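Visitor: Can you walk me through this model? Keep it short, please.

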Amino acid sequence: MSELILTLKTAPAQRVDCSPLTVDKLEGKSVKDIAAVSLVVGNQKLRVDELFDISGDDPALLRFDNATDKLDHIGHGMTTGTITVNGNAGAYLGQFMMGGEIIVNGNTGIYTACEMKKGLIKVNGNAGDFVGAARIGYKNGMTGGTVIITGDTGARTGDHMRRGMILIEGNAGDYCGARMVSGTIAVLGQVGAHLGYAMKRGTLLLQQAPTQGISANFNDCGSHTLAFLPLMFASFKKLDSKFANLEPFSRVQRYAGDLSGIGMGEILIKI
Amino acid sequence: MIINGVTIDDTFAEAFPMRGTRVIITAQNLEWAMNSAQAFTGFATSVIACGCEAAIERTLEPHETPDGRPGVACLIFAMGGKGLAKQVETRAGQCVLTSPTSALFSGLAMDQEEKEIPLGKNLRFFGDGYQISKMIDGKRYWRIPVMDGEFLAEENTGMRASVGGGNFLILAESQPQALAACEAAIREMRKLPNVIMPFPGGVVRSGSKVGSKYKALNASTNDAFCPTLKGQTKTELSPEVESVMEIVIDGLTEDDIKKAMRAGIQAACELGAENGIRRISAGNYGGKLGPFHFHLQEIMA
């Protein structure tokens, strides 16, 4: 068995729903069967081999080459295996993911790790808006797993997030941690405006203070040494990320909010 | 069987199934971790009246603890899972939560066959709504705001089917000699993992038998081994034996207890007959009560 490689023949004009392409749905299928799987592309259906050149046969090691930002729903609901995306990925990467690993060597679109439950997503590039968020109208975003973004994220990172970890090596956009219910978002770079807007619970861990300051609906709780931070940094050690090599710190300035709501969230800034 | 002039009796120690767990208490320094651990394992010599048997297993270097601070590993055993959970919870609440700079972690991973028992799971309510849960590496921790900062406690700890009541008796020509042999034995036994000797200093001088002449009591002094009663009762003691002391061992597995008994008996025997150590025996109830039998001569073979 060798890595199953799907190489995009030409960049599609319409969006492609790649959700049938996970090990859970391809397990046990021959290359011929995989070639015949139909994908929804815009308003029509196309066979996999009409879009992709196929080589290899192991769906547990799936690779998309020449990928473009039209490839949506990559790794949809996957429970195991590894997906590598060389190129950009579209919206809803790793939606409902329950295990396994997705590595993107490129940028991702909106709703990366949407309502993800478990597993690991690493984007070696930038991610769009709503990383780890809930679908529109839904209350629960990401409920577990780890997302690493080596670049920047768009707006509303962790919207409605409930559990799990989003680690951003670059900058986070506006409304980072908005409506967050729980979980942890750590940012090495800068954050945009309205940090933690309507945040209920959870932790926003920042390596540097936001240049625009903290919004008025977060209250300063003073500087503290928090015992859980060394444990958290120790858990980063096994990740392939800048966070693994981060100098651990446990001294932080703690801000509680959003006080317009229940105010149980916190922004922790390294001091 | 005779080792260095010390007779090893052809008898066995009878032990019982218990439920046990290990917790790790850390603090700013070892002194404060120890203060908390001593309180946590206090009044826990025997299940007869303490509800559990607990003791400090060993101290831990900063690199051995989850949060990188100095710590102490404690083992705690009770007759059942429910009893153990209650003891761990009340003790953690009164002796660890209260102790300055402390943090509390599980020292035993979850076992497939046994349920986990709560550690910080219910202590969190002390936080009165300000407690914060953090999932780190698949384990849940509770951050409970307290007056010195934050008390960090792991949610659960693993439980194991364990063995309690392994024991041996040291029979000597005098009280100081019996105690010296016990001290030597305890020193060696404390070097071993997964076992505790729950009595004060690891030694018990009031071994008991089952039953009593008084209806209200179900255990009473082991008169057969009481040296002052040599002429009054059906004694086990020869004329030259003037003092008997017992070492009780609880361990996570049968094998751990065997190893500890061997190390302890060996150390006592090294003092030998010239230091007044005459016999090594063990306590049992005829083999009818406990499923674990530790035959002294087999262990020392």
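Guide: Start with α4(B). Its buried residues are covered by elements of chain B that include β12 (160-172), β13 (195-196), β16 (243-251), α5 (254-271) and β17 (277-281). Helices (H or I, at least four residues) and strands (E, at least two) are DSSP runs, numbered from the N terminus. A residue is buried if 20 or more other C-beta atoms lie within 10 Å of its own, exposed if 12 or fewer, and partly exposed in between, with C-beta atoms placed from the backbone.

Visitor: Is that from experiment or prediction, and how is the numbering done?

Guide: This is a predicted model: local features need pLDDT of at least 70, side-chain atom pairs count only at pLDDT 80 or more, and totals for chains, interfaces and linings use all residues. Residues are numbered from 1 along each chain as its sequence is written, while chains are lettered from A and ligands numbered from 1 in the order in which they are written.

Visitor: Which residues of α4(B) are buried?

Guide: B:A178, B:A181, B:C182, B:A184, B:A185 and B:M189. They sit on the same side of α4(B), because they cover an arc of only 160° around the axis. The arc is that of the directions from the helix axis to the C-beta atoms.

Visitor: What does helix α4 of chain B span, first C-alpha to last?

Guide: It covers residues 175-189, 15 residues in total, and reaches 21 Å, close to the 21 Å expected at 1.5 Å a residue. That expected span is 1.5 Å times one less than the number of residues.

Visitor: What about β11(A)?

Guide: β11(A), residues 143-149, is also parallel to β10(A), through 4 bridges. There, A:T146 is the bridge partner of A:L120.

Visitor: How many residues does each chain bring to the contact?

Guide: Chain A gives 10 residues and chain B gives 13. Two residues are in contact if their C-beta atoms, placed from the backbone, lie within 7 Å. On the chain A side, α4(A) has the largest share, 5 residues.

Visitor: And the domains of chain B?

Guide: Domain 1 is 2-14 + 163-300, and domain 2 is 19-160. Those bounds come from an automatic or database domain assignment. Their centres, taken over C-alpha atoms, are 31 Å apart.

Note on methods
Two strands pair if DSSP finds at least two bridges between them.
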